[in-house]
Amino acid sequence: MAQHGTLGVAVIGTGKMGADHVRRLNEVTSGARVAAVVDVDAERVKRIADGIEGCSAHTDPSAAMAADGVDAVLIASPGPAHEAALLTAFEYDLPVLCEKPLTPGSVSALRVLEAEQKLGHRRVQVGFMRRYDTEYAKLKSLLATGQLGRPLMLHNRHRNVATPPGFTSAMLINDSVVHEMDITRWLLEQEITAVTVLKPTPSGNAPEGLQDPQFVLFETDGGAVVDVEINVNCGFGYQVQAEVVCERGTARIGDGHALVTNMAGRWGGTIAQDFVERFEDAYDRQMQAWVDATRRGEVTGPSAWDGYATAAVCEAGVRAQTEGGRVEVELIERPAFYS
Ligand code: NAD
Ligand code: ISE
């Protein structure tokens, strides 16, 4: 470890998520410091590094990984840049927290799996932060007690206020529903075997040509059926809700009832406006867990296998969206390395 046993982190990509992770590492997380920052935007990365003591600025991920005091890597560049950054991190044998997606396709994800297995030890945690959300964690613990019986169905709602420019119909699956793919696999401890996508008439809020909302169905190898409303130009707020229907009861999270006010003959509360606000605690806990595990020499949390499995489900989802019908997920047998 670099200074006083703290973990020196190189942050690759300093846009919306990367900049927030830099702030988090500096101000919230204990036991870590930002030792290097990387971005293809040289001015931006210099501006960020200038505000952090002992932090170097780079436009090349490899130079950052070789920089003084770098012990670990956080990848927050766009998905298509992840594979190259991951393979470079493996060359330096550095632990990595990689924002979702691991890579944007199952073939590239398999290359990452193979390279990590060649190292002989796990290095990657994928940033499926919902696993660190208090409400999802409570739901998972409740299911594990068995009190409710076997899960039969899982209903999900995933709503964003509006999409950024350039957001495509496929991105509703690859960027947004990928979180429900991970959470379904994690909560139910089952693999997703098939995907069907239904397409209502697009909302008047959606940009021209965007298929929004979509209704996505998963089938699992444990016989559960899962639905996802993905609705990314709803206009009113950021909402992520989940309800598990089991043999002896149901359990639901995400209603946002943390603070309810009563005033002037009305009751109500506020709705978060984006993921940074809704999942702030989850991002914080994810980062602390990664730093703590890395300092212990361990790798925990969602693995490269989880990144590969969700990439395979995304591919089936995009095919179901464009070709119609039910599309089966093609998955390799899980290597013992990831059991
Ligand atoms: P962004 O466009 O705001 O930022 C990306 C940054 O990376 C930009 O500053 C860009 O200049 C830089 N960049 C581009 N190519 C690069 C390269 N090859 N090397 C280094 N830097 C490069 O994007 P974002 O919204 O911050 O998303 C970044 C990652 O975080 C994506 O993988 C995305 O899917 C993920 N993400 C996760 C969540 C979540 O809830 N977990 C939410 C949003 C985004
Ligand atoms: C974004 O990339 C995320 O990961 C958010 O968590 C999700 O809610 C959003 O829809 C995606 O675009």
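Predicted model: local features only at pLDDT ≥ 70, side-chain atom pairs only at ≥ 80, totals over all residues.
The largest share belongs to α5, with 7 residues. Sort that side by class and you get 10 nonpolar, 9 polar and 7 charged residues.

The charges also pair up: there are 2 salt bridges between the domains. Look at R130 and E180, whose side chains meet in a salt bridge at 2.9 Å, N to O.

Now step back to the whole layout. Domain 1 covers 7-130 + 281-301, and domain 2 covers 132-278 + 310-338. Their C-alpha centres sit 26 Å apart. In terms of contacts, 26 residues of domain 1 touch 24 residues of domain 2. Together the two domains bury about 2,300 Å², with 60% of that on carbon and sulfur atoms. K100, F128 and R130 supply 37% of the area that domain 1 buries against domain 2, more than any other three residues.

Next, have a look at T103, in the loop between β5 (96-99) and α5 (106-119). Is T103 buried or exposed? It counts as buried, because its relative accessibility is 2%, under the 20% cut-off. A polar atom of the T103 side chain lies 3.0 Å from the backbone oxygen of G105, and the side chain also reaches the backbone nitrogen of A109 at 3.0 Å. Leaving out residues up to four places away in sequence, T103 touches G79, E83, L86, S108, A109, V112 and A311.

Terms used: Residues numbered from 1 in each chain as written. Chains lettered and ligands numbered in written order. Heavy atoms only, no water. Helix = DSSP H or I, 4+ residues; strand = E, 2+ residues; numbered from the N terminus. Buried < 20%, exposed > 50% of the residue type's maximum accessible area, 1.4 Å probe, protein only. Polar contact = N/O pair within 3.5 Å; in protein donor to acceptor, adjacent residues only side chain to side chain. Contact = heavy atoms within 4.5 Å. Domains from an automatic or database assignment. Buried area = accessible area lost by both parts, 1.4 Å probe. Salt bridge = Lys/Arg side-chain N within 4 Å of Asp/Glu carboxyl O. Nonpolar A, V, L, I, M, F, W, Y, C, P; charged D, E, K, R; others polar.
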